[in-house]
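Here is a set of exercises to work through with the model open beside you. Try each task first, then follow the solution step by step.

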Amino acid sequence: MKKLLFLLVIALGTSSCDDEVDIPLKDTTPFLNVDAWLTHTGETQEIVLNYTRPYFDNGAPEPALEAEVVVIDIETETPYFFTDEDDDGTYIWVPADGEVFGQLGHSYGLQISVDGNVYQSFSMLTAAPPIDSITFEYNKKDAFIEEDYYYAEFWARDFEGPGNTYWVKSFVNDSYLGKPEQINIAYDAGFSAGGEVDSLIFIQPIRTAITPFPTETPAVSPFKRGDKLRVELHAIPIEAWFFLYRVQDETVRQPGFAQLFANPLANSPSNIVPTNDDVSVVGFFSVADVSALEVIMSDENIVDRVPD
Amino acid sequence: MKKLILTLLSGLFLFSASGQEKFTISGYVRDQSDGETLIGATVLIRELSSGNITNVYGFYSITIPPGEYSVEYRYIGYQPIQKSVSLNQNVRLDVELISTEQKLQEVVVTAKPEDENVSSMEMSTAELDITTIQKIPAFLGEVDVVKSLQLLPGVTTVGEGASGFNVRGGSVGQNLILLDEAPVYNSSHMFGFFSVFNPDAVKDVKLYKGGIPAEYGGRLSSILDVRMKEGNIKNYEVNGGIGTIFSRFAVEGPIARNKSSFILAGRRSYIDVLAQPFLKNNDLDGVGLRFYDLTGKTNYYISDKDRVYLSGYLGRDVFKFDANQGFDWGNKTASLRWNHLFNDRIFSNTTLFLSDYDYSFQVGETKDDLFSWKSRILTYNFKEQFSYFINTSNELSFGAEAILYRFKPAEVLGVSDGEESDISLDERKSVETAIYLGNTQKISDRLSLQYGVRLSGFQYLGEGSIYYYEDTEEKGERRPVSDIGEADNWETIQFYSNLEPRFSFKYSVNPSTSIKGSYNRMSQYIHLVSNTTASLPTDVWTPSTNNIKPQLADQVALGVFKNFLNNQLETSIEVYYKESQNQVDYIDGAEILINRFLEGDLLSGEGRAYGAEFFVKKNSGKINGWISYTLARTELKVEGINEGNWYPTRFDQTHNLKVTANYDWSEKWSLSANFTFITGTPNTLPSYRYENQGYTIPGVLGRNNGRIPDYHRLDLSATWYMRTIKSDGSPKKLRDHWVFTVYNVYARRNPFSIYFAQTDDLSVAGQSVTQANQVSILGTFVPAVSYNFKF
């Protein structure tokens with residue numbers, strides 16, 4: 001919802017100004033960060049462990065080494081051992097040929113032992129609906145884009161029943177749209193809970209957010225004939241949706257006038273639980289089913305905008 | 001409770017029963033030139049050295065023993081009048097005072113009795129009359145009621161671009177804003193840059209920060225009572241102005257001479273018109289950022305004893321980026337009032353009003369993909385107020401009020417690829433009622449008391465779903481719904497009631513010094529829900545429910561008031577302490593806009609605010625103006641936020657200094673300046689960072705754990721009065737003047753907030769670069785010119 005307000009404010013431009021400032025911040029001792037987002041695919045699964053650092057520290061994070069990392073299928077009690085062969089804090093599990101990580105409908109437990117502490121977490125693996133198609137909409141040039149242009153839309157339908165949550169990832173010519181403002185998540189077919197838009201085609205802002213919309217004007221068309229676009233629809237647990245929702249809120253801090261709409265900065269909730277209450281930890285553990293579609297933009301998938 | 005009322009009543013009988021036969025002098029005090037009634041004019045019986053002041057309708061009543069009296073009527077900026085009265089029966093004496101303000105240059109800081117600061121019962125009030133407001137250098141040269149009030153002690157704002165204002169550490173939603181007694185839910189145009197009150201139609205503005213009389217209630221922090229002009233009953237008059245950002249036009253005049261008059265005032269902004277040539281592309285048709293408002297009032301003297309008023313306001317802001325997309329909001333109010341004199345000593349006012357506040361929001365380029373949201377609050381009110389002027393020592397006020405609220409939080413339609421989904425929320429009805437009784441009593445020449453009690457009640461009514469929530473293990477997380485019930489139409493889901501005692505005293509140490517103190521309890525049954533840095537027009541109002549308890553506040557204040565140099569210099573020092581309960585705050589990540597389960601995202605806590613307010617004002621002379629300084633603190637303690645410890649609110653400002661000065665240079669020129677210094681407001685700053693899925697995520701220790709840099713600003717203005725005399729020496733009918741202003745003269749980039757974000761750059765280590773950015777809503781100085789006329 002607030003996303004929509006942002007759109008408005010950005011579109012209107014601002015008369016305000018931003019200046020980079022130096023501001024002293026309170027420091028804290030480092031603690032463990034867990035980056036564990038696994039997918040129900042045949043790809044190598046990665047869990048990254050490292051430590052938090054001062055907010056303005058732009059150096060590489062300190063890796064957490066010599067950890068024991070295991071993910072267990074709760075139903076079958078199958079363990080998946082993650083190892084860090086090259087001592088860089090990235091623990092991996094490599095599937096055998098034809099093997100896929102996890103089974104739909106099963107729950108997974110994560111256990112990490114490091115620095116004398118134990119951390120645990122759980123996640124459920126649920127199915128993702130298929131992506132029916134991807135189209136490119138033709139638009140006449142406007143105030144923001146100086147030529148006739150195309151934006152992309154993916155077409156898929158939310159599963160029936162409230163509370164299905166998704167993360168849509170977009171790759172344009174193999175480059176991942178990974179900026180915080182490009183986080184594209186859905187609660188059912190809409191933005192958030194409490195105002196359910198259940199079992200519809202994903203609403204337009206979500207459908208079109210797979211496009212790398214230009215942030216500066218004048219700009220060129222985000223897509224040209226021959227461009228490759230891959231869209232992945234990850235069916236993430238509701239807690240993971242909320243985590244990303246919060247990450248987006250905490251990281252996408254719009255400049256200028258949009259600051260009027262900003263919430264106070266707060267922590268993104270972690271689902272990693274230390275067995276010792278005095279230990280702090282951040283990060284997230286999630287398992288997700290993924291459906292994907294990849295297309296090359298051509299006359300086949302270009303459509304005119306639906307007339308009013 | 002009963003005991004208290006009994007004591008009050010028995011006290012009253014005592015007063016009225018005592019003494020010999022008495023007669024009453026009563027009537028209205030008006031301005032001779034246009035017939036406007038004068039609020040707060042002094043009526044003094046010289047022989048008794050006692051008297052009264054006129055009420056908000058300009059009425060006074062004094063009951064004294066028979067005899068020969070000389071009655072004096074005084075009001076700053078007017079020539080005093082003395083009348084001789086042989087009092088052997090009740091006397092009706094309507095008086096018209098002649099303004100001395102023929103030269104516009106003479107500044108009147110407040111049009112009130114000279115020693116009101118010291119002599120009046122009131123404390124913790126801020127009052128400005130329109131002449132003063134017009135002198136203050138204003139943003140874009142547009143005089144503004146609410147902005148002017150922010151120059152007085154105890155009144156603050158979060159910054160440019162924030163709607164509303166904060167009083168003694170209260171939030172924006174804790175102010176009751178009344179326009180001719182009808183509530184205005186959003187007092188701002190264009191994100192707080194202007195207020196909704198058209199200065200051409202405003203007669204009197206009074207802000208109660210404490211010591212609030214029993215007749216007012218419903219909000220914790222303050223009551224802003226704005227009274228509209230009635231309209232010139234003698235002659236037609238046109239007022240207007242052409243400014244940089246909008247134009248104003250007002251017409252007033254008699255409908256029937258000395259019987260009935262009207263005023264109609266309108267404003268329309270034209271940034272959108274001016275911006276049109278700068279929009280590069282014709283595709284931006286329909287882009288708009290504009291507002292307009294229309295204020296009207298008429299009144300009719302039915303008889304000596306009866307007068308009716310009808311007033312209305314209509315205002316709208318539109319903020320669109322094309323013809324179909326954008327948002328807009330507006331207030332509509334209408335009030336019908338009837339003043340009736342039962343006899344010379346009992347004055348009554350009956351008010352019926354309707355207030356309609358709505359906003360809507362729409363996005364979507366086609367009919368097949370759109371999202372539209374409308375929200376609305378309808379308020380219907382009936383209010384009956386009585387003033388009983390018992391004798392020179394006692395003035396009793398009592399009355400009752402009933403308000404019906406209809407909240408329509410969201411009428412929402414989402415259309416995706418032609419399929420519709422209606423996600424509207426239930427309408428909510430509630431009724432707020434109150435009865436009150438208060439007395440102003442003069443115990444001796446030195447000691448006066450005002451005391452009273454207000455009994456308020458609130459019913460949260462069906463129909464609609466009733467939600468019940470489970471508690472979470474840790475506070476500060478979203479509470480899940482445990483059960484949903486259904487209520488029938490008009491069924492009471494929840495009832496609350498509160499007893500609100502009010503008390504204040506004034507002790508005159510000597511004629512130029514007094515000490516005043518007050519205690520009041522306030523309750524608030526409707527809540528403004530907003531978790532953004534600034535208050536916004538899209539903020540949601542919600543009633544108290546089975547899950548949201550009414551807010552309560554207790555405030556004590558003590559002040560010393562002293563005037564010097566024959567009342568030319570007024571000073572005051574006030575200290576206050578306020579405690580509040582059931583303050584609303586939010587879980588991190590609360591979804592407050594369209595959410596049936598909003599109550600599960602709300603947290604409840606306690607608040608405390610305390611401070612000292614210093615005020616020095618020079619009332620007359622070539623150089624006049626005031627200095628206002630507030631030292632304050634305001635904090636909240638909410639389980640689930642900041643580990644349950646006290647934290648300062650977003651509008652906590654330790655030091656708040658305002659200096660306003662006018663210099664009347666010549667007949668033609670007058671110069672004004674104001675300077676503001678405010679301690680930087682609290683902000684939540686991060687401590688650490690970590691990466692997850694490529695995003696650099698900030699980590700926070702506590703809420704509002706740092707502050708943004710201090711705010712300071714100087715504004716200047718010059719007013720150039722045109723000739724008032726024709727070349728042949730006869731007076732000109734047209735009075736006009738130009739106002740030149742520069743806002744933020746030294747172009748300071750005052751911070752509104754500081755935000756932290758990762759940039760698009762990568763560091764040598766391959767990590768995203770984080771930085772802090774300071775946002776200034778106004779980055780430079782803003783010059784403006786406006787032309788104002790009256791004929």
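**Exercise 1. Find how many of the seven residues of strand β31 (residues 481-487) of chain B are buried.**

Step 1. Begin with the terms: helices (H or I, at least four residues) and strands (E, at least two) are DSSP runs, numbered from the N terminus. A residue is buried if 20 or more other C-beta atoms lie within 10 Å of its own, exposed if 12 or fewer, and partly exposed in between, with C-beta atoms placed from the backbone.

Step 2. The count of buried residues in β31(B) is zero, and the strand is hardly covered.

Step 3. Now look at its pairing, where two strands pair if DSSP finds at least two bridges between them. β31(B) pairs with β30(B) in the antiparallel sense over six bridges. Within this pair, B:Gly485 of β31(B) is opposite B:Ile466.

A word on the model: it is predicted, so local features need pLDDT of at least 70 and side-chain atom pairs count only at pLDDT 80 or more, while totals for chains, interfaces and linings use all residues. Residues are numbered from 1 along each chain as its sequence is written, and chains are lettered from A and ligands numbered from 1 in the order in which they are written.

**Exercise 2. Locate the cis peptide bond that involves B:Glu463, and the backbones with positive phi at A:Asp115 and B:Asn704.**

Step 1. Keep the background in mind: most residues other than glycine have a negative phi, and most peptide bonds are trans.

Step 2. The cis bond joins B:Gly462 and B:Glu463, with omega about 10°. B:Glu463 sits in the loop between β29 (447-461) and β30 (464-469) of chain B.

Step 3. A:Asp115 is not a glycine, yet its phi is about 55°. Its loop runs between β8 (107-114) and β9 of chain A. A:Asp115 is exposed, because 12 other C-beta atoms lie within 10 Å.

Step 4. B:Asn704 has a phi near 45° and lies in the loop between β45 (695-700) and β46 (706-707) of chain B. This residue is buried, because it has 21 C-beta neighbours inside 10 Å.

**Exercise 3. Describe how the two domains of chain A are arranged.**

Step 1. The domain bounds come from an automatic or database domain assignment. Domain 1 of chain A covers 32-126 + 252-288, and domain 2 covers 131-237 + 292-304.

Step 2. Their C-alpha centres are 27 Å apart. Residues are in contact if their C-beta atoms, placed from the backbone, lie within 7 Å. Seven residues of domain 1 of chain A and six of domain 2 of chain A take part in the contact.

Step 3. On the domain 1 side, β9 (117-124) and β17 (281-296) of chain A give two or more residues each.

**Exercise 4. Work out how chain A meets chain B.**

Step 1. Contacts link 71 residues of chain A with 80 residues of chain B.

Step 2. α3(A) gives the most to the chain A side, with seven residues.

Step 3. Two bridges join β4(A) to β44 (residues 686-692) of chain B, and these strands run antiparallel. Here A:Arg53 has B:Arg689 as its bridge partner.

**Exercise 5. Give the strand order of the open sheet of three strands in chain A.**

Step 1. The order is β11-β10-β18, with mixed pairing.

Step 2. β11 (149-156) and β18 (302-304) of chain A are the edge strands, each pairing on one side only.

Step 3. β10 (residues 131-139) of chain A pairs with β11(A) in the antiparallel sense over eight bridges, and A:Phe136 stands opposite A:Ala152.

Technical notes
Contact = placed C-beta atoms within 7 Å.
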